[in-house]
Amino acid sequence: MAAMTGPDTNLAAKAEVQNLNFYYGEYHALKNLNMVLHEKNVTALIGPSGCGKSTFLRCFNRMHDLYPGNRYEGNILLHPENTNLLSREVDPIEVRMRISMVFQKPNPFPKSIYENVAYGLRVRGERRKRYVDEKVEQALRGAALWDEVTDRLDDLAFNLSGGQQQRLCIARALATDPEILLFDEPTSALDPIATASIEELITDLKGRLTILIVTHNMQQAARVSDFTAYMYLGEIIEFGVTDAIFIKPKMKQTEDYITGRFG
Amino acid sequence: MSSSEGLTSARLARRRRGRWAERLIETILFLAALASVFTTLGIVYVLVSESVAFFRHVPVWDFLTDTQWTPLFDDAHFGIVVLLSGTLTSSFVALAIAIPLGTTIAIYLSEFAPFKLREVAKPFLELLGGIPTIVYGYFALLFVTPLLQRVYPELPGFNLLSAGLVMGIMIIPYVSSISEDAMRAVPMSLREGSYAMGATRFQTATKVVVPAALSGLASAYILGISRAVGETMILAVAAGMQPNLTFNPLEPAATITAFIVQVALGDLPHGSIGYQTIFAAGLTLFLLTLAFNVLGHVLRRRFREAY
């Protein structure tokens, strides 16, 4: 056991994807996906543009419900209670209360730094000032932003740099103590230094919550994730422990993509 | 080099001709733009020069502080506040209707209405703005006022309330249309960010979209104010043209615009003091709308979208 590196594969599953199909109107975008999100681990989705990795990610917090004509089939079971997130009986707002998301481009709200982080709590009707103060500080610390903004919490969030804005968005997502955090190419709009700080943050966060990250940067997937799924044309071609996928992929197609011969 | 010389000179000639055409078009466009600038300058010149003549007879101080407006009487008084009170009161009533309703409609159309409904509702709403104001004026006088009198029998036949209410209805599409455009311009990524935090549609609309569209909303409101302050026909028809220093919408009163119509309808000799009052009143109106436009500009700057 002591010699074993990498993630502990005996970890409990936080979410289980079973025969997931997704349609944009007539277009069959995700085809029969099966996968497990291991609790308090980082799972990365990689694959060429248009392979459906963002579409897949956005199923987890039912973002597709915002647009007409989208349809899910199959299950995403959220453990421990085994509710199917995709069920019509489940309110998407309830799902989003438990599963937060960080987007490709930083999208802070036109509010102060403080109110951005407090947004999720406000939406939940939280009014106790002391409690909100505490949560905001905790979240900003969690996102490694506290020291930089502690004396200007009332400044408009737009005044922050791109990397700071993205960390603010992470703080916003953390403030409500989500069980799963979704990242949709969180560093694609950032410079290398800001990217490094976000990656470091993701590494710090695992162990506290379950993370699913979409990235088109394979080095990033290799650096931050414990499990990786390679997707192509709406299907999961290969899913497994990140080290195994990157060192010894089972599928030729995965290998071609990872080694840069394709994609 | 030499082999391509013929080709080059032909091309040069063509280019020279092209440049002439280009310059001609530029000049035409410039003149067209200039025409509107000169029109504005001309209007300002006439307003100011006639007003200067007016203020030679009437001290500015009296104009601003006198509480009577009787320019055509023997005992002439020129207190602009009398007309200003009518303008402000009727505008206030109109905006009290147009801003809340217009904003609500805009929020509904932009954030809640299904696509098809929005495409149908918007042109209908904009139709309201296409109705001639004289029609609105008689609608206020002959329909709204009697209706209000049923609730409040002491209401005089001419009053600021009825005119203001109808004016508010007329302004709704101006406010709602620009507000809706401003809200639609808020990027989807902001809305998604809000929904992803577990917000409802209403929370997203009020806590994220409206603040993000604030500069556009400010422009919409400023335009609404300018429309209300400058509106003439509805007030001339339904509010009565008696100068009356009042801020009570239940009374009849003249506005600056209504006074200008009234005087312009009579036959006053050129250069007489009565004639010049129109320009002084007009200048006041101009400065008032200018002030609102500048304010709108400042607000737009202050709340510029930075997403």
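Let me begin with a term: two strands pair if DSSP finds at least two bridges between them, and the helices (H or I, at least four residues) and strands (E, at least two) that I name are DSSP runs, numbered from the N terminus. What we are looking at is a predicted model, in which local features need pLDDT of at least 70 and side-chain atom pairs count only at pLDDT 80 or more, while totals for chains, interfaces and linings use all residues. Residues are numbered from 1 along each chain as its sequence is written, and chains are lettered from A and ligands numbered from 1 in the order in which they are written.

I will start with chain A, where four strands make an open sheet in the order E2-E1-E4-E5, with antiparallel pairing. At its edges stand strand E2 (27-38) and strand E5 (83-84) of chain A, each of which pairs on one side only. Strand E1 (residues 13-24) of chain A runs antiparallel to E2(A) and is joined to it by eight bridges, and within this pair Phe22(A) stands opposite Leu30(A) in E2(A). Helix H1 (residues 53-60) of chain A packs on this sheet, touching E1, E2 and strand E4 (70-78) of chain A, and its direction makes about 65 degrees with that of E2(A); axes here are lines fitted to C-alpha atoms, for helices over the stretch in contact, and angles run from 0 to 180 degrees between N-to-C directions.

Chain A also has an open sheet of six strands, in the order E6-E7-E8-E3-E9-E10, and here the pairing is mixed. E6 and strand E10 (235-241) of chain A are at the edges with a single partner strand each, so one side of each is left without a neighbour in the sheet. On average, neighbouring strands of this sheet are turned by 15 degrees against each other, direction ignored. Helix H6 (residues 162-174) of chain A packs on the sheet, where it touches E6 and strand E7 (180-184) of chain A, and its direction makes about 175 degrees with that of E6(A).

Within that sheet, strand E3 (residues 42-46) of chain A pairs in the parallel sense with strand E9 (residues 227-232) of chain A over four bridges, Ala44(A) having Thr228(A) as its bridge partner. E3(A) also pairs in the parallel sense with strand E8 (residues 210-214) of chain A, again over four bridges, and there the bridge partner of Val42(A) is Ile211(A).

Is E3(A) buried on one side or on both faces? Both faces are covered, with Val42(A), Ala44(A) and Ile46(A) on one side and Thr43(A) and Leu45(A) on the other all buried, where buried means that 20 or more other C-beta atoms, placed from the backbone, lie within 10 Å of the residue's own.

Turning to chain B, the domain assignment, which is automatic or taken from a database, gives domain 1 (2-57) and domain 2 (80-302). The centres of these two domains of chain B, taken over C-alpha atoms, are separated by 36 Å. Their contact takes seven residues from domain 1 of chain B and eight residues from domain 2 of chain B, two residues being in contact if their C-beta atoms, placed from the backbone, lie within 7 Å.

Finally, leaving aside its neighbours within four places in sequence, Ala140(B) is in contact with several residues, among them Ser162(B), Val166(B) and Ile234(B).

Methods
Buried ≥ 20, exposed ≤ 12 C-beta atoms within 10 Å, placed from the backbone.
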